[in-house]
Amino acid sequence: MSAPKQVATGDRAILPKGARTIPIFVMGKRYDVPETLTIMKAMEFAGFKFLRGAGCRGGICGACPTVYRKEGDYKLYFGLACQTVVEPNMFLAQIPFYPANRAQYDIETIEPLADVVHSLYPELFRCVACNNCTKACPMHVEVLDYVSAIKQGDLARAAKLSFDCIQCGMCASRCMGELPQYHIAQLVRRLFGKYIQPRAQHLQKRVGEIESGKYDAMLSGLEKMNHAELEKLYKEREREPDMVPLGTWMPKDVSHL
Amino acid sequence: MKVSYYPGCTLKTKAKHLEDSALASLAALGVDVRELPRWNCCGAVHSLADDDLIHHVAPVRDLVRAMDEGSDRLVTLCSMCYNSLARANLLMRNDEVKRKTINDFMTEENDYHGEVEVEHLITFLRDTLGWDNLRAKLKAPLTGMKIASYYGCTLVRPKDVAIEPASGRVINEFVEALGARAVDFGASTVCCGSYQVLAHPDSVTEVVGRIIQSATDAGADALILSCPLCEYNLVKNQEELLQKQKIARRLPVFYFSQLLAMALGLGPESYRPDMNDAASVEFLKSKNFPVGSTAIRP
(Lines give C-alpha, C1' and ligand atoms only; values in the text may rest on other atoms or scores of the structure.)
Protein backbone atom coordinates (compact mmCIF):
# COMPACT_ATOMS: atom_id res chain seq x y z
CA MET A 1 0.00 0.00 0.00
CA SER A 2 1.26 3.47 -0.84
CA ALA A 3 2.09 5.97 1.87
CA PRO A 4 -1.02 7.36 3.53
CA LYS A 5 -2.23 10.65 2.14
CA GLN A 6 -2.33 13.41 4.67
CA VAL A 7 -5.83 14.90 4.66
CA ALA A 8 -5.57 17.62 7.28
CA THR A 9 -2.86 19.53 9.03
CA GLY A 10 -2.69 20.99 12.46
CA ASP A 11 -1.02 19.85 15.62
CA ARG A 12 -1.27 16.38 14.34
CA ALA A 13 -1.79 14.83 10.93
CA ILE A 14 -5.05 12.94 10.41
CA LEU A 15 -4.74 9.79 8.36
CA PRO A 16 -7.25 8.72 5.74
CA LYS A 17 -9.40 5.75 6.71
CA GLY A 18 -7.63 2.42 6.22
CA ALA A 19 -4.12 3.90 6.10
CA ARG A 20 -1.56 1.37 7.23
CA THR A 21 0.18 2.05 10.53
CA ILE A 22 2.81 0.21 12.50
CA PRO A 23 3.45 0.20 16.24
CA ILE A 24 6.61 1.81 17.59
CA PHE A 25 7.60 2.39 21.21
CA VAL A 26 9.02 5.74 22.25
CA MET A 27 10.52 5.65 25.72
CA GLY A 28 8.42 2.59 26.39
CA LYS A 29 5.04 3.94 25.23
CA ARG A 30 3.31 2.54 22.18
CA TYR A 31 2.33 4.77 19.24
CA ASP A 32 0.80 3.69 15.95
CA VAL A 33 2.45 5.64 13.18
CA PRO A 34 2.28 5.54 9.39
CA GLU A 35 4.86 3.22 7.89
CA THR A 36 7.56 4.68 5.62
CA LEU A 37 8.08 7.72 7.86
CA THR A 38 11.45 8.48 9.36
CA ILE A 39 11.74 8.14 13.11
CA MET A 40 11.71 11.92 13.43
CA LYS A 41 8.55 12.37 11.37
CA ALA A 42 6.92 9.41 13.08
CA MET A 43 7.59 10.96 16.48
CA GLU A 44 6.20 14.27 15.31
CA PHE A 45 3.16 12.41 14.00
CA ALA A 46 2.82 10.87 17.45
CA GLY A 47 2.73 14.33 18.98
CA PHE A 48 6.32 14.94 20.03
CA LYS A 49 7.67 18.39 19.33
CA PHE A 50 11.43 18.75 18.95
CA LEU A 51 12.90 21.81 20.62
CA ARG A 52 16.34 20.21 20.81
CA GLY A 53 17.42 17.00 19.14
CA ALA A 54 16.48 18.09 15.63
CA GLY A 55 18.60 20.25 13.41
CA CYS A 56 19.26 19.99 9.72
CA ARG A 57 16.88 17.05 9.10
CA GLY A 58 19.31 16.10 6.37
CA GLY A 59 21.62 13.60 8.10
CA ILE A 60 24.52 15.98 8.66
CA CYS A 61 24.14 18.00 11.86
CA GLY A 62 24.28 15.10 14.30
CA ALA A 63 21.53 16.43 16.57
CA CYS A 64 19.08 13.51 16.34
CA PRO A 65 20.94 10.30 17.18
CA THR A 66 18.55 7.58 18.24
CA VAL A 67 19.26 4.31 19.94
CA TYR A 68 16.82 1.50 19.43
CA ARG A 69 16.21 -2.17 19.75
CA LYS A 70 14.00 -4.41 17.68
CA GLU A 71 11.56 -6.83 19.21
CA GLY A 72 13.22 -10.16 20.00
CA ASP A 73 16.73 -8.93 19.10
CA TYR A 74 19.41 -8.45 21.74
CA LYS A 75 21.39 -6.01 19.61
CA LEU A 76 21.45 -2.26 20.08
CA TYR A 77 20.96 -0.24 16.91
CA PHE A 78 21.88 3.37 16.28
CA GLY A 79 20.61 5.76 13.66
CA LEU A 80 19.79 9.36 12.94
CA ALA A 81 16.09 9.99 13.57
CA CYS A 82 15.88 12.11 10.42
CA GLN A 83 17.37 9.38 8.22
CA THR A 84 16.13 6.10 9.65
CA VAL A 85 12.78 4.69 8.56
CA VAL A 86 10.55 3.24 11.26
CA GLU A 87 10.12 -0.51 11.52
CA PRO A 88 7.38 -2.34 13.39
CA ASN A 89 8.07 -2.78 17.11
CA MET A 90 11.09 -0.54 17.34
CA PHE A 91 11.93 0.52 20.88
CA LEU A 92 13.35 4.03 20.62
CA ALA A 93 15.16 6.55 22.76
CA GLN A 94 16.52 9.90 21.58
CA ILE A 95 19.99 10.86 22.82
CA PRO A 96 20.45 14.40 21.53
CA PHE A 97 23.40 15.09 23.82
CA TYR A 98 25.94 12.95 25.59
CA PRO A 99 28.45 14.47 28.01
CA ALA A 100 32.08 14.09 26.90
CA ASN A 101 35.22 15.78 28.17
CA ARG A 102 36.55 18.37 25.73
CA ALA A 103 40.11 19.63 26.11
CA GLN A 104 40.96 23.32 25.91
CA TYR A 105 43.62 24.34 23.40
CA ASP A 106 44.63 27.20 21.18
CA ILE A 107 44.85 25.85 17.66
CA GLU A 108 47.17 28.73 16.70
CA THR A 109 49.86 27.71 19.19
CA ILE A 110 49.74 23.91 19.41
CA GLU A 111 51.80 21.71 17.11
CA PRO A 112 50.44 18.91 14.91
CA LEU A 113 52.18 16.18 16.91
CA ALA A 114 50.97 12.90 18.38
CA ASP A 115 52.41 14.02 21.76
CA VAL A 116 50.14 17.09 21.75
CA VAL A 117 47.00 15.05 21.14
CA HIS A 118 48.10 12.39 23.63
CA SER A 119 48.64 14.94 26.40
CA LEU A 120 45.38 16.80 25.71
CA TYR A 121 43.48 13.51 25.71
CA PRO A 122 45.43 10.99 27.85
CA GLU A 123 42.25 8.91 28.17
CA LEU A 124 43.02 7.67 24.63
CA PHE A 125 45.13 5.01 26.29
CA ARG A 126 42.14 3.65 28.20
CA CYS A 127 40.85 2.16 24.94
CA VAL A 128 40.52 -1.63 25.17
CA ALA A 129 39.62 -2.08 21.48
CA CYS A 130 36.15 -3.39 22.34
CA ASN A 131 34.85 -1.70 19.17
CA ASN A 132 31.56 -0.58 20.76
CA CYS A 133 32.27 2.90 19.36
CA THR A 134 32.30 1.62 15.79
CA LYS A 135 29.14 -0.40 16.35
CA ALA A 136 27.41 2.72 17.73
CA CYS A 137 28.29 5.04 14.85
CA PRO A 138 25.25 6.00 12.76
CA MET A 139 27.62 7.23 10.02
CA HIS A 140 29.52 3.93 9.83
CA VAL A 141 32.81 5.58 10.71
CA GLU A 142 35.53 3.10 11.70
CA VAL A 143 35.92 4.72 15.11
CA LEU A 144 38.25 2.13 16.63
CA ASP A 145 40.54 2.41 13.60
CA TYR A 146 40.84 6.18 13.95
CA VAL A 147 41.38 5.94 17.71
CA SER A 148 44.14 3.41 16.99
CA ALA A 149 45.64 5.68 14.32
CA ILE A 150 45.79 8.54 16.84
CA LYS A 151 47.51 6.32 19.39
CA GLN A 152 49.95 5.34 16.66
CA GLY A 153 50.61 9.01 15.93
CA ASP A 154 49.18 8.89 12.39
CA LEU A 155 47.10 12.06 12.53
CA ALA A 156 46.56 12.24 8.76
CA ARG A 157 45.07 8.76 8.68
CA ALA A 158 42.87 9.52 11.68
CA ALA A 159 41.63 12.76 10.08
CA LYS A 160 40.67 10.91 6.93
CA LEU A 161 39.07 7.96 8.74
CA SER A 162 36.96 10.28 10.90
CA PHE A 163 35.94 12.61 8.07
CA ASP A 164 32.28 11.50 8.07
CA CYS A 165 31.88 12.12 11.82
CA ILE A 166 28.91 14.34 12.64
CA GLN A 167 29.78 14.75 16.35
CA CYS A 168 26.61 13.02 17.57
CA GLY A 169 28.45 11.43 20.52
CA MET A 170 27.11 7.88 20.27
CA CYS A 171 30.69 6.53 20.28
CA ALA A 172 31.33 8.23 23.62
CA SER A 173 28.05 6.94 25.01
CA ARG A 174 29.14 3.33 24.51
CA CYS A 175 32.84 3.61 25.40
CA MET A 176 34.04 1.49 28.30
CA GLY A 177 37.26 3.50 28.43
CA GLU A 178 35.21 6.73 28.72
CA LEU A 179 36.94 8.33 25.73
CA PRO A 180 35.41 11.40 24.06
CA GLN A 181 36.26 9.98 20.61
CA TYR A 182 34.50 12.60 18.57
CA HIS A 183 36.17 15.54 20.32
CA ILE A 184 39.59 13.91 19.89
CA ALA A 185 38.90 13.33 16.21
CA GLN A 186 37.80 16.93 15.77
CA LEU A 187 41.07 18.15 17.26
CA VAL A 188 42.96 15.85 14.90
CA ARG A 189 41.04 17.08 11.85
CA ARG A 190 41.70 20.67 12.89
CA LEU A 191 45.42 19.96 13.19
CA PHE A 192 45.36 18.11 9.88
CA GLY A 193 43.51 20.89 8.09
CA LYS A 194 45.65 23.67 9.51
CA TYR A 195 49.13 22.16 9.58
CA ILE A 196 49.39 18.84 7.70
CA GLN A 197 47.17 18.94 4.64
CA PRO A 198 48.86 20.52 1.62
CA ARG A 199 47.65 24.05 0.91
CA ALA A 200 45.59 24.65 -2.24
CA GLN A 201 47.88 26.94 -4.27
CA HIS A 202 45.13 27.98 -6.70
CA LEU A 203 42.95 29.09 -3.79
CA GLN A 204 45.68 31.29 -2.34
CA LYS A 205 46.21 32.79 -5.79
CA ARG A 206 42.52 33.55 -6.19
CA VAL A 207 42.25 35.07 -2.69
CA GLY A 208 45.26 37.23 -3.55
CA GLU A 209 43.56 38.40 -6.74
CA ILE A 210 40.35 39.24 -4.88
CA GLU A 211 42.24 41.12 -2.18
CA SER A 212 44.26 43.05 -4.78
CA GLY A 213 40.99 44.40 -6.19
CA LYS A 214 40.99 42.52 -9.49
CA TYR A 215 37.24 41.95 -9.33
CA ASP A 216 36.15 45.21 -7.67
CA ALA A 217 35.30 46.98 -10.94
CA MET A 218 33.26 44.01 -12.12
CA LEU A 219 31.30 43.90 -8.87
CA SER A 220 30.59 47.62 -8.77
CA GLY A 221 29.49 47.39 -12.43
CA LEU A 222 26.94 44.74 -11.43
CA GLU A 223 25.77 46.84 -8.50
CA LYS A 224 25.00 49.76 -10.81
CA MET A 225 22.86 47.71 -13.22
CA ASN A 226 19.09 47.79 -13.03
CA HIS A 227 16.87 44.70 -12.98
CA ALA A 228 16.39 44.53 -16.76
CA GLU A 229 20.11 44.85 -17.44
CA LEU A 230 20.94 42.13 -14.91
CA GLU A 231 18.32 39.84 -16.42
CA LYS A 232 19.69 40.38 -19.92
CA LEU A 233 23.24 39.76 -18.76
CA TYR A 234 22.15 36.56 -17.04
CA LYS A 235 20.19 35.23 -20.00
CA GLU A 236 22.96 35.98 -22.46
CA ARG A 237 25.75 34.68 -20.27
CA GLU A 238 28.24 32.31 -21.80
CA ARG A 239 27.69 28.87 -20.46
CA GLU A 240 29.86 25.77 -20.51
CA PRO A 241 28.07 23.15 -22.63
CA ASP A 242 26.88 20.01 -20.82
CA MET A 243 29.16 16.99 -20.91
CA VAL A 244 32.03 18.86 -22.52
CA PRO A 245 35.30 16.92 -22.05
CA LEU A 246 37.39 18.23 -19.17
CA GLY A 247 39.82 21.01 -20.08
CA THR A 248 38.61 21.47 -23.68
CA TRP A 249 36.24 24.44 -23.26
CA MET A 250 37.21 28.05 -22.77
CA PRO A 251 34.85 31.05 -22.65
CA LYS A 252 35.24 33.74 -25.32
CA ASP A 253 35.68 36.38 -22.63
CA VAL A 254 38.65 35.38 -20.48
CA SER A 255 39.09 38.71 -18.73
CA HIS A 256 37.76 37.27 -15.42
CA LEU A 257 40.15 34.34 -15.31
CA MET B 1 53.96 -19.01 4.35
CA LYS B 2 52.51 -15.52 4.59
CA VAL B 3 53.91 -13.22 7.25
CA SER B 4 52.28 -10.12 8.65
CA TYR B 5 54.11 -7.55 10.70
CA TYR B 6 52.60 -6.04 13.84
CA PRO B 7 54.44 -2.83 14.83
CA GLY B 8 52.71 -1.66 18.02
CA CYS B 9 51.84 1.93 18.90
CA THR B 10 55.15 2.91 20.51
CA LEU B 11 57.14 1.88 17.44
CA LYS B 12 55.23 4.50 15.49
CA THR B 13 56.05 7.28 17.96
CA LYS B 14 58.75 7.06 20.66
CA ALA B 15 60.54 4.00 19.29
CA LYS B 16 60.82 4.80 15.60
CA HIS B 17 64.46 3.70 15.75
CA LEU B 18 63.30 0.18 16.64
CA GLU B 19 60.95 0.00 13.66
CA ASP B 20 62.96 1.92 11.05
CA SER B 21 66.13 -0.09 11.66
CA ALA B 22 64.26 -3.41 11.58
CA LEU B 23 62.32 -2.69 8.40
CA ALA B 24 65.36 -1.32 6.58
CA SER B 25 67.30 -4.45 7.61
CA LEU B 26 64.56 -6.81 6.47
CA ALA B 27 64.42 -5.02 3.12
CA ALA B 28 68.20 -5.34 2.80
CA LEU B 29 67.95 -9.04 3.68
CA GLY B 30 65.19 -9.56 1.12
CA VAL B 31 62.74 -10.74 3.77
CA ASP B 32 59.18 -9.82 2.83
CA VAL B 33 56.99 -8.81 5.76
CA ARG B 34 53.97 -6.56 5.40
CA GLU B 35 52.48 -4.41 8.10
CA LEU B 36 48.91 -5.32 8.95
CA PRO B 37 46.68 -2.81 7.13
CA ARG B 38 44.50 -2.52 10.24
CA TRP B 39 45.65 -3.04 13.79
CA ASN B 40 45.04 -1.68 17.27
CA CYS B 41 46.87 -1.66 20.59
CA CYS B 42 48.20 -5.10 21.60
CA GLY B 43 46.67 -4.70 25.06
CA ALA B 44 50.11 -3.86 26.49
CA VAL B 45 49.72 -5.87 29.69
CA HIS B 46 48.29 -9.38 29.74
CA SER B 47 45.51 -9.46 32.29
CA LEU B 48 45.83 -12.27 34.80
CA ALA B 49 42.41 -11.82 36.38
CA ASP B 50 40.21 -14.80 35.59
CA ASP B 51 37.10 -12.71 34.95
CA ASP B 52 38.70 -9.86 33.01
CA LEU B 53 38.26 -11.08 29.45
CA ILE B 54 37.72 -7.61 28.00
CA HIS B 55 41.47 -6.94 28.23
CA HIS B 56 42.13 -9.85 25.87
CA VAL B 57 39.91 -8.39 23.17
CA ALA B 58 42.57 -5.98 21.84
CA PRO B 59 45.27 -8.61 21.11
CA VAL B 60 42.72 -11.13 19.84
CA ARG B 61 41.35 -8.53 17.42
CA ASP B 62 44.89 -8.07 16.05
CA LEU B 63 45.23 -11.82 15.64
CA VAL B 64 41.91 -11.89 13.78
CA ARG B 65 43.23 -9.14 11.48
CA ALA B 66 46.31 -11.27 10.71
CA MET B 67 44.13 -14.33 10.09
CA ASP B 68 41.88 -12.29 7.79
CA GLU B 69 44.97 -11.26 5.82
CA GLY B 70 45.63 -14.93 5.23
CA SER B 71 48.81 -14.84 7.31
CA ASP B 72 50.19 -17.85 9.19
CA ARG B 73 52.54 -15.73 11.20
CA LEU B 74 52.51 -12.40 12.95
CA VAL B 75 55.98 -10.99 13.55
CA THR B 76 56.60 -8.40 16.27
CA LEU B 77 59.61 -6.33 17.26
CA CYS B 78 58.47 -5.01 20.63
CA SER B 79 58.87 -7.46 23.52
CA MET B 80 55.73 -6.26 25.23
CA CYS B 81 53.55 -6.61 22.12
CA TYR B 82 55.09 -10.03 21.55
CA ASN B 83 54.21 -11.13 25.05
CA SER B 84 50.70 -9.73 25.00
CA LEU B 85 49.84 -11.18 21.59
CA ALA B 86 51.44 -14.56 22.29
CA ARG B 87 49.64 -15.00 25.60
CA ALA B 88 46.28 -14.01 24.14
CA ASN B 89 46.97 -16.51 21.36
CA LEU B 90 47.61 -19.29 23.87
CA LEU B 91 44.42 -18.40 25.69
CA MET B 92 42.43 -18.65 22.46
CA ARG B 93 44.03 -22.01 21.67
CA ASN B 94 43.77 -23.61 25.06
CA ASP B 95 40.74 -22.25 26.88
CA GLU B 96 37.59 -23.35 25.11
CA VAL B 97 35.19 -21.48 27.39
CA LYS B 98 37.01 -18.14 27.26
CA ARG B 99 37.54 -18.52 23.52
CA LYS B 100 33.81 -18.87 23.00
CA THR B 101 33.02 -15.91 25.25
CA ILE B 102 35.51 -13.67 23.43
CA ASN B 103 34.41 -14.82 19.96
CA ASP B 104 30.76 -14.31 20.92
CA PHE B 105 31.51 -10.80 22.16
CA MET B 106 33.29 -9.90 18.92
CA THR B 107 30.31 -10.66 16.70
CA GLU B 108 31.61 -8.31 14.02
CA GLU B 109 34.80 -10.40 13.54
CA ASN B 110 35.51 -13.88 12.28
CA ASP B 111 35.88 -16.48 15.01
CA TYR B 112 39.46 -17.09 16.09
CA HIS B 113 40.92 -20.30 17.45
CA GLY B 114 44.65 -19.60 17.46
CA GLU B 115 45.24 -19.98 13.72
CA VAL B 116 48.13 -17.49 13.63
CA GLU B 117 51.62 -18.05 15.04
CA VAL B 118 53.04 -15.08 16.96
CA GLU B 119 56.76 -14.69 16.58
CA HIS B 120 59.47 -12.26 17.60
CA LEU B 121 61.78 -11.02 14.86
CA ILE B 122 64.86 -12.55 16.47
CA THR B 123 63.58 -16.13 16.29
CA PHE B 124 61.96 -15.39 12.95
CA LEU B 125 65.37 -14.39 11.55
CA ARG B 126 67.00 -17.49 13.01
CA ASP B 127 64.36 -19.88 11.65
CA THR B 128 63.66 -18.39 8.23
CA LEU B 129 67.02 -16.92 7.32
CA GLY B 130 69.45 -18.67 9.66
CA TRP B 131 72.49 -17.21 11.38
CA ASP B 132 74.88 -18.40 8.66
CA ASN B 133 72.91 -16.68 5.92
CA LEU B 134 72.73 -13.54 8.03
CA ARG B 135 76.48 -13.65 8.61
CA ALA B 136 77.04 -13.93 4.86
CA LYS B 137 75.12 -10.72 4.21
CA LEU B 138 76.96 -8.48 6.67
CA LYS B 139 78.87 -5.56 5.21
CA ALA B 140 80.16 -4.14 8.48
CA PRO B 141 80.44 -6.96 11.04
CA LEU B 142 80.59 -5.64 14.59
CA THR B 143 84.00 -7.18 15.22
CA GLY B 144 85.44 -6.32 18.59
CA MET B 145 82.23 -5.02 20.09
CA LYS B 146 81.17 -6.55 23.39
CA ILE B 147 77.41 -6.59 23.60
CA ALA B 148 75.19 -7.41 26.57
CA SER B 149 71.82 -8.83 25.53
CA TYR B 150 69.13 -7.62 27.86
CA TYR B 151 66.11 -9.92 27.65
CA GLY B 152 64.07 -8.32 30.41
CA CYS B 153 60.88 -10.14 31.35
CA THR B 154 58.52 -10.25 28.46
CA LEU B 155 60.65 -12.24 26.01
CA VAL B 156 61.29 -15.01 28.49
CA ARG B 157 58.40 -15.07 30.93
CA PRO B 158 56.13 -16.93 31.33
CA LYS B 159 57.89 -20.00 30.00
CA ASP B 160 55.13 -21.02 27.59
CA VAL B 161 55.66 -17.88 25.52
CA ALA B 162 59.43 -17.54 25.98
CA ILE B 163 61.08 -16.83 22.61
CA GLU B 164 63.69 -19.48 23.30
CA PRO B 165 62.63 -21.71 26.18
CA ALA B 166 65.43 -24.22 25.73
CA SER B 167 68.57 -22.10 25.87
CA GLY B 168 67.36 -18.58 26.57
CA ARG B 169 70.39 -17.37 24.66
CA VAL B 170 68.90 -16.57 21.27
CA ILE B 171 69.78 -12.86 21.41
CA ASN B 172 73.35 -13.81 22.32
CA GLU B 173 73.41 -16.01 19.20
CA PHE B 174 72.11 -13.05 17.21
CA VAL B 175 74.85 -10.82 18.61
CA GLU B 176 77.50 -13.38 17.66
CA ALA B 177 76.02 -13.72 14.18
CA LEU B 178 76.58 -9.98 13.78
CA GLY B 179 80.26 -10.53 14.51
CA ALA B 180 80.25 -9.05 18.01
CA ARG B 181 81.05 -10.82 21.24
CA ALA B 182 78.04 -11.70 23.39
CA VAL B 183 78.66 -10.79 27.00
CA ASP B 184 76.85 -12.86 29.61
CA PHE B 185 75.76 -10.89 32.64
CA GLY B 186 73.76 -11.78 35.71
CA ALA B 187 71.02 -9.21 35.31
CA SER B 188 70.03 -10.03 31.72
CA THR B 189 66.58 -11.20 32.77
CA VAL B 190 66.06 -8.91 35.77
CA CYS B 191 62.95 -6.76 35.35
CA CYS B 192 63.65 -3.11 34.42
CA GLY B 193 60.88 -1.96 36.75
CA SER B 194 58.40 -1.57 33.94
CA TYR B 195 55.37 0.64 34.71
CA GLN B 196 56.54 1.04 38.30
CA VAL B 197 58.45 4.01 36.88
CA LEU B 198 55.19 5.94 37.39
CA ALA B 199 54.30 4.88 40.93
CA HIS B 200 57.71 4.00 42.34
CA PRO B 201 60.38 5.77 40.28
CA ASP B 202 63.05 5.36 42.97
CA SER B 203 62.72 1.58 42.97
CA VAL B 204 63.11 1.60 39.19
CA THR B 205 66.23 3.77 39.37
CA GLU B 206 67.70 1.33 41.88
CA VAL B 207 67.03 -1.78 39.79
CA VAL B 208 68.27 -0.07 36.61
CA GLY B 209 71.51 0.68 38.48
CA ARG B 210 71.94 -3.01 39.21
CA ILE B 211 71.28 -4.00 35.60
CA ILE B 212 73.64 -1.41 34.11
CA GLN B 213 76.43 -2.14 36.59
CA SER B 214 76.04 -5.88 36.08
CA ALA B 215 76.49 -5.47 32.30
CA THR B 216 79.41 -3.06 32.78
CA ASP B 217 81.14 -5.40 35.25
CA ALA B 218 80.83 -8.21 32.70
CA GLY B 219 82.78 -6.05 30.26
CA ALA B 220 80.01 -4.91 27.93
CA ASP B 221 80.57 -1.92 25.61
CA ALA B 222 76.85 -1.57 25.00
CA LEU B 223 73.55 -3.19 25.82
CA ILE B 224 70.79 -4.20 23.40
CA LEU B 225 67.11 -4.82 24.01
CA SER B 226 63.81 -4.98 22.15
CA CYS B 227 61.35 -3.25 24.47
CA PRO B 228 60.60 0.49 24.40
CA LEU B 229 59.66 0.54 28.07
CA CYS B 230 62.91 -1.19 29.08
CA GLU B 231 64.75 1.26 26.83
CA TYR B 232 63.06 4.20 28.50
CA ASN B 233 63.90 3.00 32.01
CA LEU B 234 67.43 1.90 31.21
CA VAL B 235 68.35 5.14 29.42
CA LYS B 236 66.48 7.69 31.51
CA ASN B 237 67.90 6.70 34.87
CA GLN B 238 71.58 6.47 33.96
CA GLU B 239 72.50 10.13 34.40
CA GLU B 240 71.08 10.22 37.93
CA LEU B 241 72.78 6.91 38.77
CA LEU B 242 76.09 8.22 37.48
CA GLN B 243 75.83 11.38 39.57
CA LYS B 244 75.05 9.30 42.65
CA GLN B 245 78.00 7.04 41.76
CA LYS B 246 75.74 3.99 41.60
CA ILE B 247 77.17 3.12 38.18
CA ALA B 248 80.76 3.53 37.01
CA ARG B 249 79.93 4.97 33.57
CA ARG B 250 77.07 5.42 31.19
CA LEU B 251 76.35 2.31 29.15
CA PRO B 252 75.16 2.82 25.56
CA VAL B 253 71.74 1.27 24.93
CA PHE B 254 70.46 0.21 21.49
CA TYR B 255 67.62 -1.74 20.01
CA PHE B 256 68.80 -5.10 18.64
CA SER B 257 67.60 -4.02 15.21
CA GLN B 258 69.85 -0.95 15.24
CA LEU B 259 72.90 -3.21 15.52
CA LEU B 260 71.50 -5.36 12.73
CA ALA B 261 71.15 -2.36 10.41
CA MET B 262 74.65 -1.17 11.28
CA ALA B 263 76.18 -4.59 10.63
CA LEU B 264 74.36 -4.76 7.30
CA GLY B 265 76.14 -1.56 6.34
CA LEU B 266 73.02 0.57 6.23
CA GLY B 267 73.19 4.31 6.94
CA PRO B 268 72.11 6.33 9.97
CA GLU B 269 68.76 7.09 8.30
CA SER B 270 68.09 3.37 8.85
CA TYR B 271 69.43 2.85 12.37
CA ARG B 272 68.28 6.32 13.53
CA PRO B 273 70.92 7.36 16.10
CA ASP B 274 69.09 10.69 16.22
CA MET B 275 66.62 8.95 18.53
CA ASN B 276 69.29 7.59 20.86
CA ASP B 277 70.75 9.29 23.93
CA ALA B 278 74.03 11.20 23.81
CA ALA B 279 76.14 8.43 25.41
CA SER B 280 74.99 5.91 22.81
CA VAL B 281 75.71 8.32 19.97
CA GLU B 282 79.22 8.96 21.35
CA PHE B 283 79.79 5.22 21.38
CA LEU B 284 78.82 4.96 17.70
CA LYS B 285 81.18 7.80 16.84
CA SER B 286 84.02 6.06 18.71
CA LYS B 287 83.37 2.96 16.58
CA ASN B 288 83.35 5.05 13.39
CA PHE B 289 79.68 4.53 12.60
CA PRO B 290 78.10 7.55 10.91
CA VAL B 291 75.57 9.19 13.20
CA GLY B 292 73.94 11.68 10.86
CA SER B 293 72.22 14.52 12.66
CA THR B 294 73.03 15.15 16.32
CA ALA B 295 71.33 13.37 19.17
CA ILE B 296 68.23 15.03 20.53
CA ARG B 297 67.95 13.20 23.83
CA PRO B 298 69.98 14.13 26.92
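Good morning. In chain A, A:Ile24 stands opposite A:Tyr31 of β2(A). The model is a predicted one, in which local features need pLDDT of at least 70 and side-chain atom pairs count only at pLDDT 80 or more, while totals for chains, interfaces and linings use all residues. Residues are numbered from 1 along each chain as its sequence is written, and chains are lettered from A and ligands numbered from 1 in the order in which they are written.

Let me stay with these strands. Strand β1 (residues 21-26) of chain A pairs with strand β2 (residues 29-34) of chain A in the antiparallel sense, over 6 bridges. Strands here are DSSP runs of E of at least two residues, and helices are runs of H or I of at least four, numbered from the N terminus; two strands pair if DSSP finds at least two bridges between them. The hairpin of β1(A) and β2(A) has 2 residues between the strands, and A:Met27 there takes a positive phi near 50 degrees. β1(A) also pairs in the parallel sense with strand β5 (residues 90-94) of chain A, over 3 bridges. In β5(A), A:Phe91 is the bridge partner of A:Phe25.

I turn to chain B. Its domain assignment gives domain 1 (3-121) and domain 2 (138-286), such bounds coming from an automatic or database assignment. Between the two domains of chain B, 22 residues of domain 1 are in contact with 23 residues of domain 2, contact meaning that C-beta atoms, placed from the backbone, lie within 7 Å. On the domain 1 side of chain B, α1(B) gives the largest share, 9 residues.

What does α1(B) meet at helix α12 (residues 256-263) of chain B, and at what angle do the axes cross? The two axes come within 8 Å and cross at roughly 40 degrees, with axes fitted to C-alpha atoms over the stretch in contact and angles running from 0 to 180 degrees between N-to-C directions. α1(B) is therefore oblique to α12(B), the class left once angles under 35 degrees count as roughly parallel, over 145 as roughly antiparallel and 65 to 115 as roughly perpendicular. Among the residues making the contact are B:Leu18 and B:Ala22 of α1(B) and B:Leu260 of α12(B).

Finally, between the chains, 15 residues of chain A are in contact with 13 residues of chain B. Helix α4 (residues 143-151) of chain A supplies the largest share of the chain A side, 4 residues. Thank you.
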